[in-house]
Amino acid sequence: MMLQASPGHVLAVGGQLDLRGWDPASRPTLSLYGQWELYPYQLLTVGPENAGAQNEGAEIVNVPGLWRAHVSNGKGSPFGYGSYRLRIQVEPDSTRSYSIRVPVISTSSALFVNGQLLAQSGRPAETRETYTAGAVPYSASFTTDRNVIDIVFQVANYDDSFISGIRQSVQFGTEAAIDRSYWFSVGTQLSVCLILLMHAVYSLILYAWGARQKALLYFSALTICAIVTILIDDDRILPAWFPVSFEWTLKLYYLSFLGVAVFLLHYVKQLLPPFPILRAAGSYSILCGLYALLVLFLPGRTLSHGYLLHIAFVAIPFFVLPVLLVLAIRRGVPDIVYLALGATAINLNLVWGIIKNVGSVELGYYPFDMLAAFTVFALYWFKRYFRISAQTAKQAEQLQAADKLKDEFLMNTSHELRNPLHSILNIAQTVLESNARYETERIDTNMKLLIDVGKRMSYMLNDLTDLTRLKENRIRLHPVRLRVQTVASGVLDMVRFMTEGKPVRLVNNVPNSLPPVLADENRLIQILFNLLHNAVKFTNVGQIRIDAWAQDGKMHIRISDTGIGIDKGMQKRIFTAYEQGDADASSSITGLGLGLTISRRLVELHAGTLTVESAPNRGSAFTFSIPLFDPSGLPADRPSAQEVVSVVTETAATAATADDPESAVQLKPADEPNPAEAHFPGFSIDAAEDRPRILAIDDDPVNLHVLAGVLSRGRYDIATVTSGPKALALLDSNVWDLIITDVMMPGMSGYEVARIVRSRFSHSELPILLLTARSRPEDIEAGFRSGANDYITKPVDALELRSRVRALTEVTRTARERIRMEAAWLQAQIQPHFLFNTLNSVAALSEIDTGRMQTLLVVFGNYLRASFDFRNSDRVVPLHKELELVRAYLFIEKERFESRIQVVWEVNENLVLQVPPLSIQPLVENAVRHGVLKRARGGTVQIRVAEETDYAEITVQDDGIGMDEQTMSALLSQVQAGSRNGVGLANTNRRLMQLYGEGLRIESAADQGTVVTFRVKK
């Protein structure tokens, strides 16, 4: 009986197969599947005489299948020997020639038909010592006139620990059909080998001809290994046609597949971007090399025990490469899809080979996947060749154009540098040859122009340097959390001076509610500065505006202007280096045309884009994007904000202690009561000691902690605030020796804070130290233009910061001391006519009234003693001390002028108050001499001390001739430096400003008298 499974397959049952109805014309070859008889531990030879007999000890097994469970007594070992038997019933026909194609049987087999040995591979035997391994497929042909064909396979295995028995189907058919099938399979394999050999040869030729690319060598080695795998697999052409032993066949099998894996990995690695995982390719190759040495020197039986290890080594690249190729495709690597298709085809070939070798599916040699793999690999090389050829042609054109541009660039650059250089030379020559040596104003103008021209040259050279670094990819970003409002405000202040003389308004329209961004602060400032600088250059009237909004995980920033605009043609070239716009539209504009090019490259480094919208005479709008700050994207081990503050503070303390072991950093604890906190958050000073007082301004609390940690140390009193308005509110709350302010702050930048402070205090009265992340000339110039004394670049070095702070606070203290000494000196310089007049009054009274004379002499002595008192150089003195001098002065003047001077006192004699020395007396003297005595009839001087809750108000009022607005304005300035009284009032005003943040208030009008008032804090 014959059971059909599918066309070409026949199933045996119990070692019997009925082919009496078989038609060789329709199915010339059959695959013998099903149940065969297996005789473990027996090597049968069944002759024709007992072809139908059933021998003892037979077991029914499936073929194809492994015999582990049958020859190892349940131990699962593949080692042993035995015989497979199948009886086939056929129609007797002595003229028909049959053929059997025997697959690879591990690891030796012999074919007997009707008791006759027809063919064998190796020599089966009952012991390992007497058997010979030889796992090579073979064919055998025969004829018979019997109706039963008794087929016996003697099988023995003592070497292969993984596969044993008959694991592939046996082919049965006519001799012509079996031969035709065999030679078709062999011919296909040889054809594929020939094609692959051609690929290997041309790869080596290309490498030898000068294309020294390692990928060509790896590709050639990969191809050769693939050829070897074909020759030792399937029909095993190499050991079948040449005397290659089983052991070396096994070793070649292991080495060839290992070579395919290693060389495929390195071949693709040469063509892929540098993925991090590919760094392990070298280690993988070293391990494979060590494994290959083991394969060469270990016996075959030992190697078979490591078959799973072999599979692991070979499989690694086939799992890794598809993932990498997909990533490369997503990155847009050109033509990488060919490599992905080739790797996929090789993977499919490997999968089908595994399936076929374990006998799961009957499959002949399948060449298409291997041909497809190396075909697409070849297509990749051809595609790459054509692409490189096209790129070479294009680059040749670009080089020719670049050569032309180079000449134009050299001419343009030499022109741009020669003009300012000649200007410098001409200005310097003019100054040198000038005969007007005392025309300082003209010389100053020329020197300022000289500096401006030199800065222009510096800006050009900086742009050239940045462009070169960008081309060489030498610029590395240091992204941090930033607020666009802060940076925009600071950059607008940097370019504000460029709009002087132009009816152009700068508008900052960046909302305060926007989230922070992740960007390099220096480079973001550079981008905004270049775009704003460009807008100012091309805008003669109107406004320049900054807008910003968040969308799709990015911050979009737009700089728009009402300038001359850009046409469509120029918009395509505007981001190209050295483009300067149309000569007609920008004939007065100078520069190298690098700002927009550098800005676009810096934006792209931030994973953003820079675009332009413009039309002639309608202005321009440049919009760029940068990523928003994403806290969830931070590493898991990133420290918290509190930890950052702690670490920074400890670092600052360590640095301070190292510089001065006797004093360590001592920060006021956060929970320590602070009297000033109720009115001014962050205010932290100790007024008990006369230490320099520093006002620190920064929108980042971490930076404030650093400053406090570096500068407190018991030497300074530090108040920290987080915005410019808060700092200005604190300005009048105390006497400050130094302001340290960050430049880039939201709302009000450090430049604006410096300008406001400088409008009230001179450079020596209240120095300003700027903290900036940039040290480019334009940044430094903007800082000094705003009124800063000095600047320091972030990150701050503790030693440098302390040195600069110490120098600036010493300047403040010296200036303040000079003003106090000036007041004492002025009082000590008693005018001669006052001395002579007083002495004349004494002499006159000696003849009229000796009692009054004696009193006047005593008072005059007190006046002189108070004028020369060393305590006049102190910061403050008791109120009664100052009033004693005033009373002595008024007594003397009243004795001289009698009824022309009337004095009204409104003073609480018990009031305890500290006032600056020589602060009331100059006011009273001014009221007497320049007020009431200017009238023939004289007048009244009123001295009033009004006590309030937190302060006392001191007023000196007279009904003299008064003064106009111009005189009042000049009175408190140093215009009247040659006048003792003018200097005295100006000195008093400056001292009051330094001590209390508020000077003298003067109210006066012609013929209406004068009121001078100042406040003293309790």
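Start with Asp93: at 24% relative accessibility this residue counts as partly exposed, where buried means under 20% relative accessible area, exposed over 50%, and partly exposed in between (1.4 Å probe, protein chains only). Asp93 and Arg96 form a salt bridge, with their closest N and O atoms 3.9 Å apart; the term stands for a side-chain nitrogen of Lys or Arg within 4 Å of a carboxyl oxygen of Asp or Glu.

Some ground rules before you click on. This is a predicted model, so to speak of its local features takes pLDDT of at least 70, and side-chain atom pairs count only at pLDDT 80 or more, while totals for chains, interfaces and linings use all residues. Residues are numbered from 1 along each chain as its sequence is written, and side-chain values use heavy atoms, with hydrogens and water left out.

Select Glu37 and Arg87 next: their side chains meet at 2.8 Å, N to O. Glu37 lies in strand E4 (residues 29–40) and Arg87 in strand E6 (residues 80–89), so the pair ties together parts that are 50 residues apart in sequence. Helices (H or I, at least four residues) and strands (E, at least two) are DSSP runs, numbered from the N terminus. Are these two partners buried or exposed? Glu37 is buried, at 0% relative accessibility, and Arg87 is buried too, at 3%.

Now jump to Asp547 and Arg545, whose side chains meet in a salt bridge at 3.0 Å, N to O. Asp547 counts as buried at 15% relative accessibility, whereas Arg545 is partly exposed at 30%. Then pick Asp790, Glu800 and Arg804, which salt bridges with shared partners join into one network.

**Two nonpolar cores**

A nonpolar core here is a set of buried Ala, Val, Leu, Ile, Met, Phe, Trp, Tyr and Cys residues joined through side-chain atoms within 4.5 Å. The largest has 66 residues, and those with the most contacts inside it are Val491, Met555, Ile557, Ile559, Phe624 and Leu695. Helix H13 (residues 521–537) gives this core its largest share, nine residues. What does Leu695 touch? Leaving out residues up to four places away in sequence, Leu695 touches Ala719, Val721, Ala727, Leu730, Trp736, Leu738, Ile739 and Ile740; contact means heavy atoms within 4.5 Å. A second, separate core of 61 residues includes Cys193, Cys225, Leu278 and Val295.

**A cavity among helices**

How many cavities of 30 Å³ or more does a search of the whole structure find? Seven. On a 1 Å grid over the protein atoms alone, a cavity is a set of points where a 1.4 Å probe fits but cannot get out, and lining residues have an atom within 4 Å of a point. Grid points are joined across faces, edges and corners, and a volume is the space filled by probe spheres set on the points.

Select its lining: Leu222, Ala226, Thr229, Phe257, Val260, Val314, Phe318, Ile346, Asn349, Leu350, Met370 and Phe374. Helices H3 (214–232), H5 (246–271), H8 (307–331), H9 (336–357) and H10 (368–433) each supply at least two of the lining residues.

Stay on helix H5 and click Val262, which is buried at 12% relative accessibility. Val262 touches Tyr284, Ser285 and Cys288, not counting residues up to four places away in sequence. Its C-alpha atom is separated by 8.6 Å from that of Ala281, 19 residues apart along the chain.

Switch to the backbone. The peptide bond from Val63 to Pro64 is cis, with omega near 0°, and Pro64 sits in the loop between strand E5 (59–63) and helix H1 (68–71). Another cis bond runs from Ser106 to Thr107, with omega near -10°; Thr107 is in the loop between strand E7 (93–102) and strand E8 (108–113).

Finish with Asn617, a residue other than glycine whose phi is positive, near 65°. Look for Asn617 in the loop between strand E18 (610–614) and strand E19 (620–627), where it counts as exposed at 69% relative accessibility.

Notes. On a 1 Å grid over the protein atoms alone, a cavity is a set of points where a 1.4 Å probe fits but cannot get out, and a pocket is an open set with protein on both sides within 12 Å along at least five of seven lines; lining residues have an atom within 4 Å of a point.
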